[in-house]
Structure formats: C-alpha cells, structure tokens
Amino acid sequence: MTYLGHQPHEIIGKKNLLFLHPDDVEMIVAFFNTIDLGRVTNEITYRMLHKDGHYVWHATSVKLSTKNGEKIYRGNCRDITEYVEAQQKIVAQKEFYEKILDRLPTDVAVFDSNHRYTYLNPAAIKNNELRKFILGKNDYEYAKHTGRDDTFAKMRRIKFLHALESKSIIEWEDTIESLDDQKTYHARKLTPVFKDNGTLEMMVGFGVDITKSKRIQEEILESRQLTKSIIQNVAVGILVQGPQSEILENNKAACEILGLTEDQLLGRASYDDNWKVIHLDGSTFIVDEYPVSQAIKNLKSINNIVMGVHRPMYNDLVWLLVDAIPVFSDCDELLYVICSFKDITALKNAEDALKISNERFIYSGEATSEALWDWNIITDKIYVGGSYCDLFGHKFENSIIKRQEYENFVHSEDKVSYLKSLTEALISDTHKWSFEYRYLKFDGTYAYVNDKVIIIRNKDGMAIRIIGAMQDITKEKKLKDELQQSEEQFKGAFQHSAVGMGILDIDGYWIEVNDRLCEMLGYSKKEFKTFTCQEITYFEDIPEDIANKEKLVLGKTSNFNIEKRYIHKNKSLVWVHFSVSLVRNNMGEIQHYIPQIINITERKKIEEVNKLLTDENNKNKSIQLNEAKSMYRLLADNTVDLVCLHNSNTSFQYISPSIKKLLGYTPEELIGKSPLDYVHPENLKELLEKFYNFIEKKNDESVQCRFLTKQGDYKWLEIKASIITDNGVTIGFQSSSRDITQQKEAEEIIINTLTRERELNELRTNLVSTISHEFRTPMTTIRTSAELISMYLENQNLENGSRLQKRITIITEEIDRIVELMNAVLTISKEDSGKTDFKPVKFDLKELCIAIIENSHSNQNNNLKIQTYFKKDSFTVFADKKLMEYSLFNILNNAIKYSEGLGDIIFNLFTRENTIVLEIIDFGIGIPEKDQSKLFNTFFRASNTSGFPGTGLGLYIVKTFTEKNSGTIQLDSKLGKGTKVTLQFPLQNG
C-alpha cells in the first residue's frame, strides 16, 4: 500500500470499503459477488483514497480461494492513475471538439477510406434519426434511404476519389433539389488526412449553405443590370474613374454633355491636355483643383464644383456642376471615384443675365439721386437700390425689406391716402402710378418724396411686380413753401414798409405802389398808375435817371442807387434816395423794375448846414494829426525795442532812446549813419540781400544779424521793417529791432547738444558693430565645433548619443538665434546712424519675388505651398533692391513660420492705378487684436508666439526699409484665422 502513502501496519485489519471512492463502492460490491471460487477475474478499475487525501486509480485482478475453510480474496493491484487521466483528457478533448463541431453552422462530415460516414454534425443533417442511420453508410445508401436520385452520390464519389488521388483539397458548388422542387446551393470542400505511412486516415468534408448569398448575388446582378440601364439613360453625366483618375466607365449623358465619344473618354484622366477646363473667373483648372483629384487626394466627397468645359465637337463652352464621390473596399482601400455632373449652362446664362440685370439696377441706383425699389408682389418682398440708403439712411440685409416694414415708414398722416391711391392703381389696368408723401428717415426726420412707379402685370392683367423711383423733393418742397412764404412776406413788407416802394413795368409806368410812397409824394395809388416814373422826376435829374436805366437793360449792372428829386403833388421838390433792382424771367427777359424810395429831404437840409462846418473840421483834423505825431514819438522814445526811421539809402533819420541800452550809443551819434556800417562782416551779405528783397520785391521778412556795440562786442538783433510811402512813392522805411542774444546763445547750446548726441549715436553704432563682430567670431567657432561633434557622434554607438545630439542641436539653434538678434540690432543701429546703404534703382519686382519665393521655399522642411498670383508680366519699381529683398524675405518667412500645417501661403502681386500692391496672406495662428498696434515696435512679439523663434525686430526693420523705399505697409489679422500683409510702392513707367 506504499503507493497509497500508507505503511502496511497502518491498514492491516481495516476494511477496503474505508478507502474506496464513494461512487465506486456499489460497483466493487457487485463485482466481488460475481467471483467464482478458484477463478481469476478480469481487471476492474476503481479509485482508492491516498493518505494525502486524493484518490488514485487502481486496476485489480482478483482470485477467490479458501484457507482453513474460509473464503479469501487474493489480488494484484497496479496504479493506473496516469493512464486513466490521459484517457479522460482524450475523452474530454473529444467531447470538446465534438461540441464545437456540433455547434458549427457549417456542414461537417468525416469519411473513412471506403467513403463511409464516421461523423456528421447537426448542421449537416438536422434530423437526429437520419444522422444516426447514415453513420457507417455511404451516399448511395443515403440516397436510397431518402428516396432521392443517386446522381449526387456519384458526383460526390468522383470528388472523393479526386481528392484522394491528388492528395489535395478540392472545392465545388453543389446544387440539391428537394422533393418539393426547391433548390438549395452549397459550397463543398473535401480535405484528405493521411497517416504517417501515406494511407488515408480520414476524409473531412465541409459544406456551407450559400442559397441566400446565391439569391442575393442574383438579385445584385439584376440590380446592377437595372442600375446600369438607369445610369446609361439618366440625364446626368456619370464617369467612373480609377485611383489614378483614369476613366473606367461612362454613360451616354456624359458623352453628350462633354461632346466626346466613349473611345475619347475611356482610359483618359479628367485633366487630359486635350481638354480645356476653366473656373468661373476664366482661369484654367490645374491638376490638383479637379474634383476627382481632390477626392482621390483627400479621400472624401467633393461637391458642387462649377467647371467650364470647352466641347471640341460643338466648338462651344458648357458649364457643369460637378460632384466627386470616392468608393472604398471593406478594407477602406480606394476602389474608384464616381464623378457626376449636370449641364447648368442655361442656369449659368440665366444667372449671368440676372447678374447683369441686377448690376444695371444697382448702377442705375448709384447713377441717379433717386431711390430705386423693386417690389415682388408674389413674395411680398421689396429690393431697394444703393441710393435708398444714401437718401434715407436705412440699411437692410441683402437690401431686401418686407412690404409691411416699408409701409410703416410712410408718415401716419399720409398713410391712408397713400394706400388708397396705390390700391386703386393696382386693381385698375393702369401701368403707371405716382404719389407725393412723407417718408421716415433713419435719423427720425421725414423726407418729402415723389414716388413714380411702373406696374408690371401678368397675362391676366394682375399686378405681379412694381418698380419705382423715389425722388427726394424735400428741398423743392421747402423752396416752394419758402417762396410762398417769401411772397407773403414781400407783400407784407411792401405794404407796410417804412420806405416808399413800387413796381414799374418795362415802359416805366407804375404798376403798384405802397402807402408810404403815396404819403411821401401826395399822389393816390390810382393817380400813380396814370403816369411814368420820369414824369414826376425833376427835369435836372432825368438824364442821370435814363443813363442808369440803360445800364440795367444792357446788363451792365443789376441795380443802381442815386439821389434825385421828385415833384410833389403840391409842386414842391422832394429829395429821395432812389434804389432800383431788376426782375427777369427764366429766359432773361425783363419783367419789371422794383424801386425803393427813401425821403432824404431833411438830410439834405442838414448837409447844407454841415457843409459850413467842414472847413472848421479840417482845421481840427490837422491839429489832431500833429498831436498823433507827438504821441507816436513819445511811444517810440519810451519803448524797450529799438524803433528807427530810415531814409531810402538806409541812413538813420530817427532813433529811439532805447539804442543806449541795447548798443551803448546815443541817438545823436548814429543819426545820418547807415546800420550797414555796424553789422558783423559775416552777416553783411545776408542783410544786403534782405534789404534788396525788402525794397525791390516788397518781401516783408525779418532778419537776424549781429551789430557792433559801443563797447566793441557784438549783439544779436532781430529786425523787422515796413516801407513808408508818400503818394505811392517810397521815401524810406521804419524798422523795429529787439535783442535776441540770449536766444541765440540758447540755440547754440542746443546745436552743440545735438552734435554731441550724434557723436554718441555714432559711438553706439560703432560699439554695436564691434560687439557684433566680436560675438560673431566665437559664435561661429562654437557652432563649427558643435557641428564637428555632431558629425563625430553619427558614427559612434554611445550610450547617451541621442541626448548629446539633442543638446548639440539646441546649442546650434540658440547660436543661430543670437546671430540673428545681433544682425537685427546691427541693422537698426546702422539705420539710426544714417549709415544704411540706400541705392535705389529700377528693377522688376516680379523677378525679385520669384527668387525670394524659391529661396524661402527651399529652406523650409514643411509641405507648405506658396500660391502666386501675378497679374502682369513685369512690375517696375524704383527702390533699393537689397532693402526690398530683406523686407519680402522677412514677411514671407513669418508667414511660413506661423502657418505650418495650417494651409498654403498666397502671394499676390498686382497694380492699382499708379501703385504696385503686394499681398502675402497666410492662414496661420493670427495675431491678437490687442497686440497689432505694437507689432512695428522694437523687441515686441505677439502674445501667442511662444515656442516660435524670433527677435521682435523683423517687422520694425521691414517697416523702416519699406518707408525708405517710398512704400507703405499695412497688416490685417484675425486670431486663429491668419494674417495679410500689404505693401504698396509707386509704379515706375519703363
């Protein structure tokens, strides 16, 4: 019992039942009851308890015998645990695989070498009884048992032998027709399995019911035929193009629309050189712009692309609306692209015509001061022209306003009559309508408008559209009101005027007179109308009266004023101030005269008395003049400034006493002498030139000169002079001088300070240049050393090689940044000190742009493209080529740097009037609005450029160089959208 872990003494005397597995006890008891005396039994298998608590499998043969009259059992036991467990694993494995095979949806059958069934899963034969029957039988017996024709059995036998002979897997499609004439389709496969000696061990057969898929394929085939028929007959053009854009299939409509035969289409790409395709603006499609090319490149649908195609068959242009839809396999691999298109030429022509019509409407609106409007009565929407906003100030989206909103602008007092008149016009058969009303403006005021419209009606006479023109007649209305008011005011003024007024016809007869004139001359209004103006004029004054009237008639004057005498009704003479104006019509013809008459008889009497006093007044004026002269001399003698009178030869005629304080001389010492004798020799020439210009050319300019003092030194004086004439003849001049010595000394200090500032700037420039040079040499050495180390590391397998290479890259990048910063600082320093070389020449800006683009693009490692649009062959500018190159290179590099991976760069070059315009547009990160005003400052960078290399000096230098080249720079940017930099330069001819 050692194999059970027990010692013999531990189990002797104990019953076997204590060690048997409970499940085996009944079997063992029954076995022992069947043993005959003296016969050795076959082995029985059972489980015995091991000392460790687990069970061990035993195989025992037993013999029954007697000893001392008692039955005893002798047996031989052996441990078969490993064998039993192996068999259990095999059984479990068999059950496992049978379970899998039984649950497979695929038919599985296993045959022996005689083509007899040894296994069938439920999928092969669902009927359990039939499945059990067929095991060990062949297909002939199966056919006979089921009452079927044995044709299928013969065919399967042939396939079996074929697989056996070829020792390979064979496949075929099997059709089974049931008793009710229903067909099922199966995909069959036979796989031979051979023993090591080459003989057949088994034949495994697989079958899959493909009836559904077969029927689906038939339906798909029918559907494809139907689809193909539809595609061939649909009015939309369809092309099926391969991954290389080659045309694989096309329908009839495609040939008709494109004007090409099927042979001309198949195998060619959309962008074939023989086909000319254009954009709406007339430019030619490039390869990458074709919808199919975009669909292949981007692997997504491209829709609603308008293309103009020149048709060689019809020699015309057809406009197409194109869609391109990529089709993928189950593995997401591009199979082909379906390109569909429809002819929109008629629609395009209609749109163009509508556009021209709209443009005419818009231009008509802009060309006229009237507000044009177009009311579509069916949609109840009104389109207003551009002048509408100018006249009334209202703005609407797309210039469209609803009728109700339009009518709300009509003045409330005019609205009822307006709507009534318009409604009557609409329901009548008239085609024209006009109305005057008040219309609300945006500023809250009302404008008087005269609205004239054309009513468009359909064939039934119903109004469907109205086109109108609103004329602002506010001014005319105001003028009319003012004219009416003026006429009323004139009548009131005429009748109640304090002066005599009348109206004369062209023959001089009185048409109308006011009460004041009747009162003045004593005649009644009725009496005035019986005679002319001259008939009551005193005879001595008639000739002057007639002469002035002739001047009026001939147009030499528009009015005249004279003093004359009228004959009063009582025969006395009345002095009057006679003022006459002329009234003409639109043709320039004289309508009447309007005289205004003021009684000056009393004034004339006073003038007679005043005449006696004239001489006395003249005497008094002479006395006052002498007193004024004395007062002027008094002022001149006591002024702080120096006041002098000069003869025409510059000699002093009078000198104010202030000369003593200014120059130390007394007036008497200088009388008769010339100021030219005392001026500093360095200022003499300038003073003579000023004096000549003053006398001859009457140039009244001040002059600053140094004059000799009595003490022997010089003082600065500022002199201003005015000419003295007598009856138009120059007899001398007067001068006024003030001491500006302190001012001059202060100016000299400022000049010296500026000189020192310039010297300091020059010193700073030299220092910056020296420092840049001194820095550049070691920086170059360091960079060269770093590159040598990098080259050394390329062929070395060092533990930290990648980290060292990364550090070396950082060193070279930082050195490049320092060198860039030093170059920028040096450039600014040279510009500040005026040492920047500026050598403008005439050159073609387009050639320079192309060279810069090629240089910038070759230095970049990204996939950005620079799209250029040059509107002319050449663009001649007069500028410094190096400064221009620096500016454009800097801007283009900025556009590339800040838009990597965010879109291509657009580079536009065109002319506007006499100006060259250059635009560089990117779709990068953009610039925050708060930073844009500071971008041209030194050392300023936008707040969103962290992580991008730069010095903050580039745009400052670009602006400086652009202005030096007589150009301007403008920057427009939106955060996250991109940036546009616009440069403008004068265009040079030739």
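Colleague: Happy to look at this chain with you! Among contacts with a separation of 6 or more, what percentage comes from residues 24 or more positions apart?

Modeller: Contact here means heavy atoms within 4.5 Å. Taking the contacts in the chain with a separation of 6 or more, the share from residues 24 or more positions apart is 45%. This is a predicted model, where local features need pLDDT of at least 70 and side-chain atom pairs count only at pLDDT 80 or more, while totals for chains, interfaces and linings use all residues. Residues are numbered from 1 along each chain as its sequence is written, and side-chain values use heavy atoms, with hydrogens and water left out. The share you asked for is 45%.

Colleague: Thanks! And how much of the chain is buried?

Modeller: A residue is buried under 20% relative accessible area, exposed over 50% and partly exposed in between, using a 1.4 Å probe and protein chains only. The chain has 990 residues, and the buried part of them is 35%.

Colleague: Leaving aside neighbours within four places in sequence, which residues does Leu845 contact?

Modeller: With those neighbours set aside, the partners of Leu845 are Phe875, Val877, Met884, Leu888, Leu909, Ile916 and Leu918.

Colleague: Now the open sheet of 6 strands: which are its edge strands?

Modeller: Helices (H or I, at least four residues) and strands (E, at least two) are DSSP runs numbered from the N terminus, and two strands pair if DSSP finds at least two bridges between them. The order is E10-E9-E14-E13-E12-E11, with antiparallel pairing. Inside it, 9 bridges join E13 (316–328) to E14 (334–343), and Val327 stands opposite Tyr336. Pairing on one side only marks the edges, E10 (247–250) and E11 (277–278).

Colleague: What covers the buried residues of helix H10?

Modeller: In H10 (291–298), the buried residues are Pro291, Val292, Ser293, Ala295 and Ile296. Just after the helix, Leu299 takes a positive phi of about 55°. The cover includes E9 (237–241), E12 (302–311), E13 and E14.

Colleague: Why is the pair of Trp510 and Phe528 edge-to-face?

Modeller: Rings of Phe, Tyr and Trp (its six-membered ring) pair if their centres lie within 6.5 Å; planes under 30 degrees apart are stacked, over 60 edge-to-face and the rest tilted. The structure holds 31 such pairs, one of them Tyr388 with Phe396, tilted at 6.0 Å and 45°. The centres of Trp510 and Phe528 are 5.3 Å apart, and the pair is edge-to-face because the planes stand at 70°.

Colleague: Last one: how far from the ring centre of Trp716 is the charged end of Lys744?

Modeller: A charge sits over a ring if NZ of Lys or CZ of Arg is within 6 Å of the ring centre and within 35 degrees of the ring normal. Lys167 sits over Phe194 in this way, 5.5 Å from its centre. For Lys744 over Trp716, the distance is 4.6 Å.
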